[in-house]
Amino acid sequence: MSLTSLPLVEISGAPRERGRQYGEQTRELIERALAYYAEAFAHSSGLTWEQVTQRAGRWVAPSRAFAPELVEEMEGIAEGAGLSFLDILALNARGEIIYDSTFGSMEPDGCTSFALLPEASGDGHVYAGQNWDWRSGVADTVMVLRVVQPGRPTVIMHVEAGQVGRQGANSAGIALNANGLGGRFDDSVGVPQTLVRRRVLDSDNLNAALEALTKSRAHIASNALVTHRDGFAIDLETTPGAVGWMYPAEGLLVHGNHYQAFMPPQLAATYRPGSADSLYRVPRAEAGLRAVRHASGRDEARKLIHTAMSDHLGHPESLCTHPDEGQPAVKRWATLLSSCVDLTTGDYLIAAGTPCDHEYERVPWNLYDGDTL
């Protein structure tokens, strides 16, 4: 199955079996991802991929302690794709690797996330979504993954091939949208973001989802916008130290790639936003999404969300990001996709690429189909 240009993959069963299914179905996509990151890290640090995976081994122990079932799933992915476990772990820890000074320097994720509650949506629905901005070189590794796991919510996510978590929503009516934040903290080794995010999406209630963020010790700082279908949203700026939070204003919540809720004390004296464009992407998204409250129905609400997320102020480094042709190909950024999940109806909508060039299409799975709880 495919969504225009995005592969759709469904896996089910016990962790290792899910992983094998995943690896078997996406072997070619995972190999593309490995090829891209081998080139990217060689460009930024001069390290070979073998050296990267050797150093990525430092995340084995904290990953196994935090989510042994997800480590099993990664082991299954490696088996199904005919690759090593450390290859798959490196793909899942690529954000942590980027921030580790021993690996050189690559910029963190972009992204602009939003939540619209009934009082701000025009049609009375709850929406959650984002523009996912990252290296355009991985565009042909992006896929939509549906995970059916007895005893836990069914999860739909958009991920880079080989990853066990990133952004998505589940059959318990919980959505997670995430953004990189930046800033170095200490040298201790924490949990990779893909595992933390998947733990949020594996949660069958709001408290468990928030505890996955507040009680884990992640390796890097990352922003998590959690939205619930009952009309609640909260944004958590998580760091290896303190956690900050913020709530919607008049039913609207938008977050980018700079600290908006608080300033971690470890960074206060020297902090500078890693993504300067985040400083205008956020207010532009807020302004565009405020118009949604005047929508006359569902179709107009979704159209207005799409219009808001297609904004080009600051192009090419805009809310709808386009590759900068002045940069080396391996360093170019783009909005890989724009997502809009209707938590009221269960529709999972994706524009497979820059939203200005692609309409929202509905993934052929409803969030609330096949709930295994």
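Buried here means under 20% relative accessible area, exposed means over 50%, and partly exposed is in between, with a 1.4 Å probe and protein chains only. Before going on, note that this is a predicted model, in which local features need pLDDT of at least 70, side-chain atom pairs count only at pLDDT 80 or more, and totals for chains, interfaces and linings use all residues. Residues are numbered from 1 along each chain as its sequence is written, and side-chain values use heavy atoms, with hydrogens and water left out.

Back to Ser63. Its place is in helix H3, residues 60-66. Helices (H or I, at least four residues) and strands (E, at least two) are DSSP runs, numbered from the N terminus. What is Ser63 in contact with, leaving aside its neighbours within four places in sequence? The answer is Pro68, Val71, Leu89, Pro192 and Leu195, where contact means heavy atoms within 4.5 Å.

Now the sheet. Six strands form an open sheet, in the order E12-E3-E4-E13-E14-E15, and the pairing is antiparallel. Strand E12 (252-255) and strand E15 (361-362) stand at the edges with a single partner strand each, so one side of each has no neighbour in the sheet. Two strands count as paired if DSSP finds at least two bridges between them. In general, strands of a sheet pair through backbone hydrogen bonds, either parallel or antiparallel.

Take one pair. Strand E13 (residues 333-342) and strand E14 (residues 347-351) run antiparallel and are joined by five bridges. Cys340 stands opposite Leu349 in E14.

Helix H11 (residues 298-308) packs on the sheet, where it touches E3, E4, E13 and E14, and its direction makes about 25° with that of E4. Helix H10 (residues 278-290) lies across strand E3 (112-116), strand E4 (127-135) and E12, running at about 155° to E12. For these angles, axes are lines fitted to C-alpha atoms, for helices over the stretch in contact, and the angles run from 0 to 180 degrees between N-to-C directions.

Next, charged side chains. How many salt bridges does a search of the whole structure find? It finds 22, a salt bridge being a side-chain nitrogen of Lys or Arg within 4 Å of a carboxyl oxygen of Asp or Glu.

I will go through three of them. The side chains of Glu79 and Arg20 meet in a salt bridge at 3.0 Å, N to O. Glu79 lies in helix H4 (residues 68-81) and Arg20 in helix H1 (residues 15-45), so this pair ties together parts 59 residues apart in sequence. Glu79 is partly exposed at 41%, and Arg20 is partly exposed at 30%.

Arg199 and Glu69 also meet through their side chains in a salt bridge, at 3.2 Å, N to O. Arg199 is in helix H8 (residues 193-201) and Glu69 is in helix H4, 130 residues apart. Buried or partly exposed? Arg199 is partly exposed at 22% relative accessibility, whereas Glu69 is buried at 14%. Both belong to a network of salt bridges whose members include Arg18, Glu73 and Arg152.

Last, Arg284 and Asp311 form a salt bridge at 2.9 Å, N to O. Arg284 lies in helix H10 and Asp311 in the loop between H11 and E13, so the pair ties together parts 27 residues apart in sequence. Arg284 counts as partly exposed at 36%, and Asp311 as buried at 16%.
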